[in-house]
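Open the model in your viewer and keep the selection tool ready.

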Amino acid sequence: MSTPQTQPPLSNLPAKGWLNRTVLGVGLTSLFSDWSHESATAVLPAFLAVLGAGPAWLGAIEGIADGLTSFAKLASGHYTDRLKKRKPLALFGYMFTALATASLGVATGAFSVLAARSAAWLGKGVRSPAKKALLAADVPPGAYGRAFGLERMMDTLGAVLGPLTALWIMQATHHSYRKVFLWTLLPGMIAVASFWLLVRERPIELKVKKSFLHGVRTLPVEFKRFLIGVGIFGAGDFSHTLLILYATKMLAAEYGMARAASFAVILYTVHNFFYAGSAYLSGWLSDHLPHRRAVLAAGYGLAVVTALLLCTGTHSLWLLGGIFVLAGLYIGTEEALEDSVAAEIVPRDQHGMAFGTLAAVNAVGDFVSSLLVGALWSAFGVATAFGVSAVLFAAGAIVIWRVK
């Protein structure tokens with residue numbers, strides 16, 4: 001005779017409405033946190049140049065920081081599911097990131113920039129799985145798309161405001177990089193306050209402590225298949241800063257290098273606005289369709305179209321505009337729906353591990369795609385580079401579509 005399953009207490013279940021204080025708190029936190037560190041990111045290359053550090057240093061700093069973020073997300077995802085309360089871990093991550101980012105204002109050389117940036121990105125990795133688990137715990141499963149979509153939209157708005165604010169401060173302070181870095185402490189601490197005051201903690205039933213490898217093995221089979229699709233897609237999902245380089249090169253012959261670069265930045269700004277809008281709209285759509293994965297697969301399909309258009313090597317400003325819009329649409333759909341599908345497939349008490357593993361797979365994909373597409377572009381041209389991306393995008397879409 002089977003033993004009846006114990007039901008969670010009613011106080012631990014999310015309310016029926018999805019737009020609650022936790023969703024609002026996570027959204028505002030993402031907006032202000034991204035506003036903070038994107039302001040620093042916008043001026044970091046120029047600041048390194050002033051310190052006498054070249055592109056090699058920038059590449060090393062970003063590579064080490066990204067690697068630490070991936071490791072931190074994976075480890076944090078494992079330990080998040082073993083904690084009775086996840087909120088203090090996320091708060092620590094936001095506080096650590098804010099302080100480390102502001103510490104760039106007292107950096108005196110490339111090594112100190114490396115230390116500050118790495119510390120900031122370590123905090124960013126620590127907070128991510130806990131934040132997403134708290135969000136999923138306070139939202140009904142039928143509203144995962146809207147909740148995660150709103151969070152991505154607010155995060156992207158912060159990414160738009162950050163560079164604009166940095167440019168304004170640079171103009172107002174006669175190009176004082178240090179004042180930009182010190183200013184980042186304000187939005188960074190507002191992010192901490194928003195998370196502390198608004199986000200609710202819904203206690204979870206603690207499971208028997210298990211090893212990291214055991215935690216990975218016990219994740220649902222369908223989630224592992226989902227990760228395969230995400231990984232295949234990610235291997236072709238090139239950094240969208242390559243779009244800026246692509247547009248600059250394609251427009252330079254007609255408009256000159258300076259005007260071409262300006263057009264490329266404008267196009268990238270348009271890209272970010274569509275990115276923000278599609279994150280929420282795709283999430284909303286996924287909540288109103290029978291199969292959430294279908295919207296994610298459609299987003300992957302838009303990526304295929306984007307890559308095929310890039311293969312043409314177009315010099316048309318209007319067609320380039322369309323490419324940037326499509327790229328913004330698919331990346332917004334991808335980021336909002338990957339988290340939503342993961343939350344839907346995996347039980348709540350394994351959400352931390354699921355989000356950490358998903359982030360690690362995406363990080364590996366980012367690393368592989370950056371090397372792959374860049375190398376193919378240099379060796380064989382844009383048609384080969386983005387043609388390979390299109391194939392990987394299509395393969396990833398097929399795998400995602402087949403996930404139950």
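Helix 1 and helix 7 are roughly antiparallel to each other (an angle over 145 degrees), because their axes cross at roughly 170° and come within 7 Å. Axes here are lines fitted to C-alpha atoms, for helices over the stretch in contact, with angles running from 0 to 180 degrees between N-to-C directions. Helices are DSSP runs (H or I, at least four residues) numbered from the N terminus. The model is predicted: local features need pLDDT of at least 70, side-chain atom pairs count only at pLDDT 80 or more, and totals for chains, interfaces and linings use all residues. Residues are numbered from 1 along each chain as its sequence is written, and side-chain values use heavy atoms, with hydrogens and water left out.

**First stop: helix 1 and helix 7**

Select residues 21-50 for helix 1 and 185-198 for helix 7. Contact means heavy atoms within 4.5 Å. On helix 1, the residues in contact include Phe-32, Ser-33 and Ser-36; on helix 7, they include Gly-188, Ala-191 and Phe-195. The contact residues divide into 10 nonpolar, 7 polar and 1 charged. Ala, Val, Leu, Ile, Met, Phe, Trp, Tyr, Cys and Pro count as nonpolar, Asp, Glu, Lys and Arg as charged, and the others, Gly among them, as polar.

**Second stop: a cavity**

Which residues line the second largest cavity? Select Ser-33, Ser-36, His-37, Tyr-94, Thr-97, Ala-98, Thr-101, Arg-127, Gly-188 and Ala-191. A cavity is a set of points on a 1 Å grid over the protein atoms alone where a 1.4 Å probe fits but cannot get out; lining residues have an atom within 4 Å of a point. Helix 3 (87-102) supplies the largest share of this lining, 4 residues. The lining has 3 nonpolar, 6 polar and 1 charged residues.

Now select 221-234, helix 9, and 382-402, helix 15; their axes come within 7 Å and cross at roughly 165°. Helix 9 is therefore roughly antiparallel to helix 15. The crossing is left-handed. Among the residues in contact are Phe-226 and Phe-233 of helix 9 and Leu-392 and Phe-393 of helix 15.

Technical notes
Helix = DSSP H or I, 4+ residues; strand = E, 2+ residues; numbered from the N terminus. Parallel < 35°, antiparallel > 145°, perpendicular 65-115°, else oblique. 1 Å grid on protein atoms, 1.4 Å probe; cavity = no way out; pocket = protein on both sides within 12 Å on 5 of 7 lines; lining within 4 Å. Left-handed = near helix turned anticlockwise from the far one by under 90°.
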